[in-house]
Amino acid sequence: MVTVLRAEGLRVVIFTNGHGPAHVHVFGAGEVKIDLRGAGGVPGLIRADGMSRSEVRRALRIVAANQALLLARWEEVHERGD
């Protein structure tokens with residue numbers, strides 16, 4: 001597990017043993033899993049556990065704002081197998 005970003009009280013993580021599609025896990029009060037290349041190339045929610053709707057929206061906004069960075073890190077982590 002690699003923490004790749006911290007923002008607004010949330011922690012964005014990439015699991016090193018993850019599999020496609022490219023995605024991140026965001027931890028706050030709970031956890032969301034977000035597809036980095038969702039419908040139309042826009043990050044999309046895969047699942048949410050224990051997060052309020054506002055926290056899920058915040059996680060999606062943060063991931064969308066950092067999409068290019070997160071995709072690059074996802075590819076780097078899975079290429080090297082960190």
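Reader: Where is the place of glutamate 55 in this chain?

Author: Happy to start there. This is a predicted model, and in it glutamate 55 sits in helix H1, which covers residues 53-65.

Reader: Is glutamate 55 buried or exposed?

Author: The idea is to look at relative accessible area, where anything under 20% is called buried. Glutamate 55 has 9% relative accessibility, so it counts as buried.

Reader: Which residues is glutamate 55 in contact with, leaving aside its neighbours within four places in sequence?

Author: There are Leu10, Gly28, Ala29 and Gly30.

Reader: What does the radius of gyration say about the protein chain?

Author: Here you compare the value with what a compact globule would give. For 82 residues that expectation is near 12 Å, and the chain has 12 Å, so the two agree. For the outline, the C-alpha trace spans about 35 × 25 × 20 Å along its principal axes. Buried residues account for 41% of the 82.

Reader: Now the strands. Which way do S3 and S4 run, parallel or antiparallel?

Author: S3, residues 23-27, and S4 run antiparallel and are joined by five bridges. A hairpin of three residues leads from S3 to S4. As a landmark, histidine 25 stands opposite lysine 33 in S4.

Reader: What lies on from S4 and from S3?

Author: S4 is also joined by five bridges to S5, residues 44-49, again running antiparallel. There, glutamate 31 has aspartate 49 of S5 as its bridge partner. S3, in turn, pairs with S2, residues 10-14, over three bridges in the antiparallel sense.

Reader: Why is S4 described as largely enclosed by the rest of the structure?

Author: Count its buried residues. Five of the five residues of S4, residues 31-35, are buried, so the strand is largely enclosed by the rest of the structure. S3 is mostly covered, with four of its five residues buried.

Reader: Which way do the residues of S4 point?

Author: In a regular strand, side chains alternate between the two faces of the sheet. In S4, Glu31, Lys33 and Asp35 point one way, while Val32 and Ile34 point the other way, and all are buried.

Reader: Moving past S4, where is the place of leucine 36?

Author: Leucine 36 belongs to the loop between S4 and S5. Its relative accessible area is 0%, so leucine 36 is buried. To see what surrounds a residue, list its contacts beyond the neighbours within four places in sequence; for leucine 36 they include Ala22, His23, Val24, Val63, Leu70 and Trp74. Leucine 36 is also eleven residues from histidine 25 in sequence, and the two are 10 Å apart in space, C-alpha to C-alpha.

Reader: I like to check backbone geometry too. Which peptide bond is cis?

Author: Look at omega. The bond from glycine 20 to proline 21 is cis, with omega near 0°, and proline 21 lies in the loop between S2 and S3.

Reader: What about phi at glutamate 8?

Author: Glutamate 8 is not a glycine, yet its phi is positive, at about 50°. Glutamate 8 is found in the loop between S1, residues 2-7, and S2. With 43% relative accessibility, glutamate 8 counts as partly exposed.

Conventions
Residues are numbered from 1 along each chain as its sequence is written. This is a predicted model: local features need pLDDT of at least 70, side-chain atom pairs count only at pLDDT 80 or more; totals for chains, interfaces and linings use all residues. Side-chain values use heavy atoms; hydrogens and water are left out. The radius of gyration is taken over C-alpha atoms; the globule rule is 2.2 Å times the number of residues to the power 0.38. Buried means under 20% relative accessible area, exposed over 50%, partly exposed in between (1.4 Å probe, protein chains only). Helices (H or I, at least four residues) and strands (E, at least two) are DSSP runs, numbered from the N terminus. Two strands pair if DSSP finds at least two bridges between them. Contact means heavy atoms within 4.5 Å.
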